[in-house]
Amino acid sequence: MSFFTLQFVLFLSALFFAWWLVPQKVRPFLLAGANLVFSVLLGQKAFLTLLLVSAIGYCFGLLVGRFKKALPFWLGVLGLLTPLALYKYLPVLAGHFAWAAPFSQLAAALGISFYTFKSLALLMEVYRGSLQPVKNPLLYFAYIGFFPQLPMGPIQRPEPFFSALSRQPRHLDSAQAINACTRICWALFLKKCLADPLSTHYGAMRWADYGHPPAVLASLVFYSLYLYFDFAAYSQLAIAFGELLGLPCAENFKSPYFSRSLGEFWRRWHISLSSFLRDAVYIPLGGSRNGTGVLILATMATFLVSGVWHGSTGGFLVWGALHGVWLLIGRATRPLRERFWQNRGEFGRGPVRSVLGWAFTMLLVGTGWFFFCAGTLPQAFALAAHLFQPFSPSVLLFKESLTQLDFTPALLLQLALFLVPAVWIDWRSRETGFGPWAQKLRPWMRVVLCYFCLFSVIFFGAGGALPGVYFQF
């Protein structure tokens, strides 16, 4: 069930009114029931897989909480990762082994990557002793199956969620509700006026028969924008729906395309996944405090896991490996770069350094997205052959490249106009994320923003309900 359907609006409205009418002690069980209904509406596969992963996580959480031993913990990790691995890798194995051939068309259950990591996060907290095992299965399911985060995250940590659920206010906080509604308006604008219109115009990254390098390059830029606007929109919606129920969640994006280094990019992009992998992989492997060898191992393992989590083809693995290598190079060259800019005096402290850092970071990020979007290495190499072939720059060639991507002058003008407020708000909210920034706006400014978003969506937004780009992960 998509967030952009009348069915979901009715579902959320019924839950919202019931939530604030029933006593606080009943709400966790009401939420578990709502999660169950939502997962059923997502489809039989999503429903059954969610129940299976929840049952595995719940049982092993009790075992780990009782015995505090490594064996049940690692068995629980294996049990939780097995369904995810089977969904992702059986179709890949089908092309190499006869026994796996029946699984060639197997598609992953919607949201399995996200609630699997939530289950792992809870199991790790119990093993470390920072959280008691959840003994009530309905309370456990209220967290694991939390419906706004089910399709595309964020990967919310268990302690803030259970704390908010146990300290539910009797009445709705009007300020929080207004902030949630502002988020919803902004998310609708990002999704319907930017992400969906861009979703069908990066064809050169999917088919290597676009002969012009400008078409491939433009396609990569449009894909990068589409990926961000689409995922950020869904994250804003998930956070907003939680706020309507008094269950806030931390920001998942903080203007990542304004980053001036790759490390900063990963502190701003998909923050819930980055922080989870830091705590689950990077720090347990030794992090940065146990020598150079351990640092290299921990960094590469973290980003390779991120690549494998996103997809089973070589392109995702290369994407993760590139980010790991670039971060290590950046860490190794940091003293040299700092010394270089310090020797430039006032010039080294001016905007030139920031602009150059931003441009180089975007070059690295875009190169990573190239492999991420291509998916397979043969596809990436075929695209690279087109991207780096010689060409004579001209206005006509640039126009032909945009025509190949099915752009019209009217659509380009509309996207350019909508990009202006999106970029401006992204810049203004880069320190805190959209929610805290919007909360500080004057009331009349918030009203203007919401009216602008709704007007744009109603009169210029894309029709239909396109699935989110991260549904496939």
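1. Helix H3 (44-67) and helix H5 (112-128) each contribute at least two residues to the lining of the second largest cavity. In this predicted model, local features need pLDDT of at least 70 and side-chain atom pairs count only at pLDDT 80 or more, while totals for chains, interfaces and linings use all residues. Residues are numbered from 1 along each chain as its sequence is written, and side-chain values use heavy atoms, with hydrogens and water left out. Helices are DSSP runs (H or I, at least four residues) numbered from the N terminus.

2. A cavity is a set of points, on a 1 Å grid over the protein atoms alone, where a 1.4 Å probe fits but cannot get out; lining residues have an atom within 4 Å of a point. The second largest cavity holds about 30 Å³ of space, a volume being the space filled by probe spheres set on grid points that are joined across faces, edges and corners.

3. H3 gives the most to this lining, with four residues. Among the lining residues are Gly 57, Tyr 58, Leu 122 and Tyr 140. By class, seven are nonpolar, two polar and none charged; Ala, Val, Leu, Ile, Met, Phe, Trp, Tyr, Cys and Pro count as nonpolar, Asp, Glu, Lys and Arg as charged, and the others, Gly among them, as polar.

4. The whole structure contains two cavities of 30 Å³ or more. The largest cavity has a volume of about 130 Å³. Its lining comprises 15 residues, and Trp 186, Tyr 228, Gln 236, Asp 426 and Phe 434 lie nearest its centre. Helices H8 (174-198), H9 (213-244) and H17 (409-428) are the elements that give two or more residues to this lining.

5. H9 gives the most to the lining of the largest cavity, with four residues. That lining has nine nonpolar, four polar and two charged residues.

Methods: On a 1 Å grid over the protein atoms alone, a cavity is a set of points where a 1.4 Å probe fits but cannot get out, and a pocket is an open set with protein on both sides within 12 Å along at least five of seven lines; lining residues have an atom within 4 Å of a point.
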